[in-house]
Amino acid sequence: MAAANQAMPADHEVYSNVVYHRRIVHRRQITFFWLVFPALLWFLAFMLWPLLNMFYISTTHWDGLALPQVSNFPDNFIRLYHDPNIPIALRNTGIHLLFGILGVLPFAFMLGFFLSLHKPGYRILRTIFFSPSLISVAALAMIFLGLYRPAGVLNSFLNTVGLSSLTRVWLGDQSTALGALIAIDIWSGIGFYSVLFFAALTNIPEELYEAAMLDGAGYWTIMWKIAFPLMLDFFGVVVILQFLYILSGAAQIVILLTNGGPGSATLTLGYYLYSQAFLIQRLGYSQAIAIVLFIIGILVILLIRRISSRLSY
Amino acid sequence: MSIRDSRITQKARNSPDGFVIGGYLFSILYAFLIIIPLYFVVISAFKNNSQIITTPLALPSAFDFNKFLQAQANVNLLRAMLISVAVAIGAEILTLVLVFPAAYAIARMQTRLAAFTEAVFSLGFLIPSLAILMPVYLMTAKAGLLYHPIALVILYPAFSLPLSLVLLTSFMRKLPRELEESAVMDGGNVLQIIFYIFFPICMPGIITVLVLNFINIWNEYLFALILMDSNNRTIQLALALLRANQRTVDYGLIAAGVLISMVPVFIVFIFFQDRIVSGMFTGAIKE
């Protein structure tokens, strides 16, 4: 004890060291602040501030920029509850999510696993699989317009193979319009996520596969017994990405191709929000729909995170 | 090349693997499903409308560039491309100016604020663009920037921020500590360290960020749709308008527009494929 005391510095020295250290930390924090400030400002101004505005606007009655904005809480939310279009939009969005995710996941995983075996030709396959992800929604819509329109490739193909009875106006038929839009997302989604799975799978240590191979396991067993369990976390990531895209981004294809029709066959929540805001100019009500969309988004993401972290244990 | 290759050749010698055959069949089938629509669009751009309908998948008999000229006359594709290029350049520079110092601070400065700031930015991945579409429109109108491309130059960096930050911070974290230590001893301040040391060293990361942001900006449709008007169309708006402007579908015209609009992105893809894939992967797992 006594020896230790002797080695200790005098009180005032300790004090000045602490002050000096605090000053360094303080200065560092100020520098830190100024370095992140511009980016933070941008982010707050154009992402979080609009989000707060969404909540505010949803509590008002407002039928156009030039018209007065009157507070009317909770009328927009009551209207939401009684609006017959909301159940339709929720149903269509649900169908879109279900098929848009389930139609992509298993195929993307299996193709990604196949690519990760580095068989001859995997590089060219990877390039082809990835290319739909580079196409803008506008171009995507225009490409598929050429396939789906009455005189399009799909009907022409069906006529050629003698299945004329199956031809139809794909985007103009109540029973096929939503499916046709979902097919576009599946078409490009499988490729994009298979390449992401490929990238994730190449991080698995080789020894794991080798050990299984020595035990006589084939690729099929390795894929489901080794790669799949290791990819559970990544499945969660992929589901979240695809979920957010379909919930929000996919509305663009509806804007470009069907405008929610025919009837209300492709009226999704995202498109309904867009049309209320920009076509009918019910600004207040549109933001009440936006809140529904936002809350569904947050809840489902939390749910997926919870499930995938449970499963990976 | 690697251990994996040797393992596979061993296995291949043993037996023709059903899994591999199935994998190839499945892959090639899907590859065809991707290529056919793309091929259809490319050849349609050079054909007249009756050929497009009667023989949709046949090669054009002669290369007819009429549709490109018509598309140009119709919606002024070249002007739209110039606007898109200008917006992309402006937004790219602004993104980099905003994000680079922030990435340095978060990756290299040891303070408790770093983790918090990073978390704030990663919220950006969770905000659906549709939710902020209307409020952003109102802000732009209030600022008097509606229908002016400057609005997009200011706005797009906000959308590019989360991904750019993730990519640059993860790149900077891999660099050795000694980098700035030696500079500090030489008496350099933070801005000098960032500009003279980190900027050149981070060039590979910066290129990835620039490439990914370019693709996203070039392809962006929704915000351009509500913020621009007929005098200032981006390429994506011009493309969509090719269809809206006509009563009956002139598909050759549309195909010519699609083809032109995709050229810049596919050129970038040819040169930077690996960066694009690895960048998107890093972005996905950090989300």
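Reader: Two residues are in contact if their C-beta atoms, placed from the backbone, lie within 7 Å, so which residues in H9(A) meet H14(B)?

Author: This is a predicted model, in which local features need pLDDT of at least 70 and side-chain atom pairs count only at pLDDT 80 or more, while totals for chains, interfaces and linings use all residues. Residues are numbered from 1 along each chain as its sequence is written, and chains are lettered from A and ligands numbered from 1 in the order in which they are written. On the H9(A) side there are A:Val195, A:Leu196 and A:Ala199, and they meet B:Val277, B:Ser278, B:Met280, B:Phe281 and B:Ala284 in H14(B). Helices (DSSP runs of H or I, at least four residues) and strands (E, at least two) are numbered from the N terminus.

Reader: And at roughly what angle do those helix axes cross?

Author: Helix H9 (residues 177–201) of chain A and helix H14 (residues 251–285) of chain B have axes that come within 10 Å and cross at roughly 80 degrees. That makes H9(A) roughly perpendicular to H14(B). Axes are lines fitted to C-alpha atoms, for helices over the stretch in contact, with angles from 0 to 180 degrees between N-to-C directions; under 35 counts as roughly parallel, over 145 as roughly antiparallel, 65 to 115 as roughly perpendicular and the rest as oblique. By class, this contact has seven nonpolar, one polar and no charged residues, where Ala, Val, Leu, Ile, Met, Phe, Trp, Tyr, Cys and Pro count as nonpolar, Asp, Glu, Lys and Arg as charged, and the others, Gly among them, as polar.

Reader: Zooming out, how many residues does the contact take from chain B and from chain A?

Author: Chain B gives 81 residues and chain A gives 81 residues. On the side of chain B that touches chain A, H14(B) gives the most, with 16 residues, and that side divides by class into 62 nonpolar, 12 polar and seven charged residues.

Reader: Switching topic, which domains does the assignment give for chain B?

Author: Domain 1 covers 3–67 and domain 2 covers 68–285, with bounds from an automatic or database domain assignment. Their C-alpha centres in chain B lie 31 Å apart, and the contact takes 11 residues from domain 1 and 12 residues from domain 2. On the domain 1 side of chain B, helix H2 (18–44), helix H3 (49–54) and helix H4 (66–75) each give two or more residues, and H2(B) gives the most, with three.

Reader: What does H4(B) meet in H13(B)?

Author: B:Ala71, B:Asn74 and B:Val75 in H4(B) meet B:Ala238, B:Leu241 and B:Leu242 in H13(B). The axes of H4(B) and helix H13 (residues 235–244) of chain B are 10 Å apart, at an angle of about 100 degrees, and the two helices are therefore roughly perpendicular to each other. The residues of that contact are five nonpolar, one polar and no charged.

Reader: Back to chain A, what radius of gyration does it have?

Author: Chain A has 27 Å, whereas a compact globule of 313 residues would have a value near 20 Å (taken over C-alpha atoms, with a globule rule of 2.2 Å times the number of residues to the power 0.38). Along its principal axes the C-alpha trace of chain A spans about 100 × 75 × 30 Å. The secondary structure of chain A comes to 15 helices and two strands.

Reader: And where do the domains of chain A run?

Author: In chain A, domain 1 is 2–57 and domain 2 is 73–311, with C-alpha centres 43 Å apart.
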